Every structure is written in structure tokens, then in C-alpha cells.
Amino acid sequence: MFESEVSAGVLRVRRPDTRWLSTGFSGGYRRADAAYNCTVPEGFDRTDLAAYVAERRERAGFPDEGPAMLTGVEVRHARRARLTGVEVVATAGVSNPAALPMGDGVEAEPEDAAMRSRSGDDPPRPGTVNLVVGTTRALEEGALATLLATAVEAKTATLLAETGFTGTTSDAVVVGSDPAGESAAFAGSATPVGRAARVCVRDAVRASLAARYEGADGAAVPESVGTAEYGAVSDGEPTVSRVDR
């Protein structure tokens, strides 16, 4: 399986020569021996993110390069779930929740919360639900992208059940597969890889939320975007029409 380790506020998930797909700031496909999740301090305003992560890796004693994510959650709250060749490591905080109102029956958020959804160039905020998902099966690029979608769907379902939010404004996911492993053509919800990923995401996110909000920190899950320190409501009225031939 993958090896997970925490040092100096950096989480490393390692497996040699893994094929990764990341939605983080250094996103895309790449081969690397490890992926990272780094806790950033409150008020973090660095823009040279690649250099910053390299500094943090050096301080933590992690020489391997690889895709990285940033979070305001302490990585001591990271939790891991494993099942049949799939591993998920999650950090979960929702101080910057994202809401998607569904119309009738859904209480509208305050106007100032909705306004925050328009500031798309803001730096990352504290909070964030970050996932590293790895499988020992070999996945081609398309199947790896499907695994990412499967993990995001499971994360969304879990957060809705546990917090009432679909996610935060700065969530990120890194998925990885072993190119030397047994080949798997697909990674959707009905496949062995997808099924294992879904339940591992669910349980890792739940456990990290419990570590973050049920411990001695005194933090609480916000009741709405309006009561959160940060956050965003997706609003607007798009034009919807039939697609004609």
C-alpha cells in the first residue's frame, strides 16, 4: 500500500513511481514518488506556492517531489482509510463552506455571504477538505480522472450528511495509481476500485471531521455560510433552454 507520514505540518503519501492526477495548484497528471498536503498558517498570503511547498518539504525532511495541496487544517487531524488495494488520507475542515441553494424549501443565505462567491481570485482560506486517494491497480489517464470524480462525489455526499454543505471554497483532491499494478479499465462507482474509494473517502472524511471538531480545539461546524468566518454561496440565474438539432 501507500506509506503515509506527517512531519513539521506536512503530510506525505508515498509510493514509488506513482501516476498522479491533482486538482491542486500544481494540478494535472505527473509521475512522482509522493503527494503532499501542507498546513498553512492563518493569514497565509504567499503566492510562490511551488517554492513554498519545496521549503516546507525540506523542513519536514521529505526529499521526493510530487503534487501538493494546501490546507488550513492541522495535518495532525489527517485520517486514513484502507480497503482492497485503495487508500484514502483526508483532512477536513469547513470554516469556509460552499453552499448551492436549490430553490423552494432552502433558506437563503445572507446577501453578504452570496457576495463572497464572486471573489474568485481570493487566496486560499482556512478550512478545506483535501483528499489523497491511491490505488494499487494500474489506471490509464481516463480511468484516473474517473477515480477523481468518484472520490469527489463521495466527499460531497459525506459532507452533505455530516455538515449540510457540499464542500468548501478551496477543496482539492489528488488521486494516484500504480502503473505496475494489475490493470483496471474503469474506476466508477460500480467497479471494485470505485466502490472501495467511495467507502474509504466516506470514513476518512468522517474521522477527520471528528478529529477536527470533536477534540479539544473548541471548534464547531458552522450552521450556515452566513455564520461561518469565510464561505461562498453560488448564486445567479442562468438561461436554461432546450438543445435543438
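## Helix H4

The expected span of a helix is taken as 1.5 Å times one less than its number of residues. In this predicted model, helix H4 covers residues 192-213 and has 22 residues, and the distance from its first C-alpha to its last is 32 Å, close to the 32 Å expected at 1.5 Å a residue.

The buried residues of H4 are Val193, Gly194, Ala196, Ala197, Cys200, Val201, Ala204, Val205, Ser208, Leu209, Ala211 and Tyr213.

Strand S10, which runs over residues 172-177, is mostly covered, with 6 of its 6 residues buried. Ala172, Val174 and Gly176 point one way from the strand, while Val173, Val175 and Ser177 point the other way, and the residues of both sets are buried.

Strands of a sheet pair through backbone hydrogen bonds, in either a parallel or an antiparallel sense. For S10, the pairing with strand S2 (residues 10-22) is antiparallel and extends over 4 bridges, with Arg19 standing opposite Ser177 of S10. The pairing of S10 with strand S8 (residues 128-135) is parallel and extends over 6 bridges, and here Val133 stands opposite Val175 of S10.

## An open sheet of 3 strands

Another part of the description concerns an open sheet of 3 strands, which has the order S9-S7-S11 and mixed pairing. Its edge strands are S9 (167-168) and S11 (232-233), each of which pairs on one side only.

Strand S7, made up of residues 97-99, pairs with S9 in the antiparallel sense over 2 bridges, and within this pairing Pro97 stands opposite Thr168 in S9.

Thr71 belongs to strand S4, which spans residues 68-71. Because its relative accessibility is 1%, Thr71 counts as buried, the cut-off for that term being under 20% relative accessible area.

A polar atom of the Thr71 side chain lies 3.0 Å from the backbone nitrogen of Val73. When residues up to four places away in sequence are not counted, Thr71 touches Asn37, Cys38, Thr39, Val40, Thr91, Gly127, Thr128 and Asn130.

Methods:
Residues are numbered from 1 along each chain as its sequence is written. This is a predicted model: local features need pLDDT of at least 70, side-chain atom pairs count only at pLDDT 80 or more; totals for chains, interfaces and linings use all residues. Side-chain values use heavy atoms; hydrogens and water are left out. Two strands pair if DSSP finds at least two bridges between them. Buried means under 20% relative accessible area, exposed over 50%, partly exposed in between (1.4 Å probe, protein chains only). A polar contact is a pair of N or O atoms within 3.5 Å; within protein, one must be able to donate a hydrogen and the other to accept it, and residues adjacent in sequence count only if both atoms are side-chain atoms. Contact means heavy atoms within 4.5 Å.
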